Every structure is written in structure tokens, then in C-alpha cells.
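Please read this briefing with the sequence and the structure side by side, and find each residue as it is named. The points are grouped by topic, so that each group can be checked in turn.

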Amino acid sequence: MMSSAKNPFQWMYEEAARGNNASKYAELPEYPTHIDVELTSTCNFRCRMCPVGNLSLDRPAGFMSWETFDRIVEQCASQVIGLRFVGWGEPMMHPQVFRFLRRATDALLPTHLNTNGSKIGDYEQQMLINMGLDSIKFSLQGSTRETYAEMRSIDFYDDLFNAVRKFHRRRGVHPKPFISVSTTVTDEHPSTIEVFKRKFSPFCDQLSVGHTTFDFMDDVPEDLAARQTVEKKHFNPCPEVFDKLAISFDGTARVCCNDYNGTTNLGNINQFDLKDIWKEMTIVSYRKRLSEEDYTMPLCNSCFDYMKLTDG
Ligand code: SF4
Ligand code: SF4
């Protein structure tokens, strides 16, 4: 039985899912409701389907500087924009992650962290709770120990389950952080997904199971390609360009988080104000074309909704 804890980002997600591309284009907000901040483009895992994990990322590895993060917070503070530590890399690898988190919570910005869970021991769990993190998502692939290990190239499923369980118990009756668990699957049998849900549900506030995509791999081995179950249906509305901004570790804003190789450049937050980046011509053009149901842009033509298999 999952708790009745509230996700402080829920209204932002509902807003992003409201209407369609055309209606969102017509009612663009002055600022994004939330920003994905990539603390680092490095990761300690070697997941097969991820360009960070399979080392195919076509841009340098690095860590966000304090000055860049401070500038992001400064730009977001007056609008109360949510900050998600989400990007192409494991945010807990950043040596100053707690300093950054404290900076954001001191500015009263809603905060969220996506993690593979491998760097969250007892000390880190307590620090995240003490610093007022609002929301955390533990990410997996697969529904069983075997399929997790197959996709993530590491036997960490049981350790992760124990970490989630411990974190949930440590949070106790505190209202936050809101705890999500999310996995994606290939052609795994539905019964294994049900077992997965029963196993994790008591220790989180939200659980989601989506489809694993191999679209981010340069060369997809035949054995994997045949098992992909993603329905090739475009988003409408796009969950990114009308509500959210993605900022890479070096401060460069991108059209959306799908741009893992950094092919778009809306300007660097260290040089431009957030309100100008939000209206930069590349992202404006993406919004306009999406509003006309044009998905032929290089990032969009292979972007499909790979979540929404089950929520529980
Ligand atoms: S844990 Fe996440 S960032 Fe790291 S390699 Fe796997 S999918 Fe990529
Ligand atoms: S690739 Fe296109 S459709 Fe997909 S999230 Fe980015 S802008 Fe939206």
C-alpha cells in the first residue's frame, strides 16, 4: 500500500501534460515551471542503452561549477522554478551535490533528484533528508535481478531494493522527500512486472514501469532490437519545450533533455538571462513546428513516449 505523500512537482507534471502542442504554443508561460540541471555527464554505471553508460556521448565529460549552479538558482529564485537534478549522468557523482542542494533549498526552490541509487549510503540518505530534498526517484531497468543486470551491466538489483527500503524507513513520517521508483522493461513477462510492483510498492510513494528504448544507442544489437516494446507514438503535447528547460553541466541550455549530444545551443546561463534563453529562436522554432504537428526535426523524429506502461 503506497502512502498518501504528495509530490511537490505534481502540478508541474500535470501542467506539462495539459492540452496539446497547439494549445500550449498559444499559451506559453513567461518562464519554465522547472529546469533539469545536469550536475555531471559522468556515471559509475555502464548501462547498455544509455549513451553515458556505453560511452558514446559525443561531448566531453564534466561537472557543473558552483558559479554556474549559483547563477541558475539566482535566475530561478524570483519565479520559484523547480530544479531537478536530472541529466545525462549520475548527480550523486558530483562532489558538491549537498552544497548545491542546500543552495537550492535555502532559496526555497522545489528540488528533485534522479539517481541510480548506488551512491546513497546511510550518510547520504540522512543528508538528503536533512537538507530538505523534496522528491527523489530511484531509476532501474528491468523487472527482475536478471534483467536489471542484463541492461545495467551490474548485479545491483538487490542492493538497490535494500537502499530504497532503508531510505523509506529513514524518512519515516516526515513529509519529504517524495519517493518514486521507476523502471523500464523490454518483452519481460507481465507476471514479473506484477512481482516487481508488489516488491517495491510498500517502500515508495509512486511507482512507474515504462518501456526500455534503444534509440539512444549508436548500434543496436539484433537481440535487443527485437525485444523493444516502445509504441512509436509521438508526444502531444511535448513534455519539454513548453514547460521545461534542460541545462547541461557547462551551463548551456538545450531544447530538451533528449539532446544528449548537445546539438542545440540556446545560450549559456552564465551569459544570458533565463527569460531570454526561454525565448531563444531555436526553441521557439521547435515549439512552432510541434504546434503544427511537424516532428521531422532531428531530435523529434525518434522521440516517443516510452513511459506509461503501468503506474501503481
Ligand atoms: S545509471 Fe543512468 S546515467 Fe548512468 S549509465 Fe545508467 S542510465 Fe545512464
Ligand atoms: S525531442 Fe522533440 S518532441 Fe521530444 S521532448 Fe524534445 S522537443 Fe519534445
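This is a predicted model: local features need pLDDT of at least 70, side-chain atom pairs count only at pLDDT 80 or more; totals for chains, interfaces and linings use all residues.

Around ligand 1 stand C43, F45, C47, C50, V52, G53, G89, E90 and N116. By class, this shell is made up of 5 nonpolar, 3 polar and 1 charged residues.

- Ligand 2 has around it the residues F235, C238, E240, V241, V255, C256, N258, Y286, L299, C300 and C303.
- When the residues of the shell around ligand 2 are sorted by class, 9 are nonpolar, 1 is polar and 1 is charged.

**The chain as a whole**

- The protein chain contains 11 helices and 9 strands, and its C-alpha trace spans about 45 × 45 × 35 Å along the principal axes.
- A compact globule of 312 residues would have a radius of gyration near 20 Å, and the 19 Å of the protein chain therefore agrees with what such a globule would have.

**A pair of packed helices**

- Helix α3, which covers residues 66-77, packs with helix α4, which covers residues 97-106, at an angle of about 15°, and the axes of the two helices lie 10 Å apart.
- Because angles under 35 degrees count as roughly parallel, α3 and α4 are described as roughly parallel to each other.
- The crossing in which α3 passes α4 is right-handed, and the contact is made by F69, D70 and V73 on the side of α3, together with F100, R103 and A104 on the side of α4.
- Of the residues in this contact of α3 with α4, 4 are nonpolar and 2 are charged, while no polar residues take part.

**Details of the backbone**

- K176 and P177 are joined by a cis peptide bond with an omega of about 5°, and P177 belongs to the loop that runs between α7 (157-171) and β5 (178-185).
- Another cis peptide bond joins N236 and P237, where omega is about 15°, and P237 has its place in the loop between α9 (222-225) and β7 (244-247).
- L55 is not a glycine, and yet it has a positive phi of about 60°; this residue, L55, can be found in the loop between β1 (34-37) and α3.

Terms used
Residues are numbered from 1 along each chain as its sequence is written. Chains are lettered from A and ligands numbered from 1 in the order in which they are written. Axes are lines fitted to C-alpha atoms, for helices over the stretch in contact, and angles run from 0 to 180 degrees between N-to-C directions. Helices (H or I, at least four residues) and strands (E, at least two) are DSSP runs, numbered from the N terminus. Angles under 35 degrees count as roughly parallel, over 145 as roughly antiparallel, 65 to 115 as roughly perpendicular and the rest as oblique. A crossing is left-handed if the near helix is turned anticlockwise from the far one by less than a right angle, and right-handed if clockwise. Two residues are in contact if their C-beta atoms, placed from the backbone, lie within 7 Å. Ala, Val, Leu, Ile, Met, Phe, Trp, Tyr, Cys and Pro count as nonpolar, Asp, Glu, Lys and Arg as charged, and the others, Gly among them, as polar. A residue is near a molecule or strand if its C-beta atom, placed from the backbone, lies within 6 Å of it. The radius of gyration is taken over C-alpha atoms; the globule rule is 2.2 Å times the number of residues to the power 0.38.
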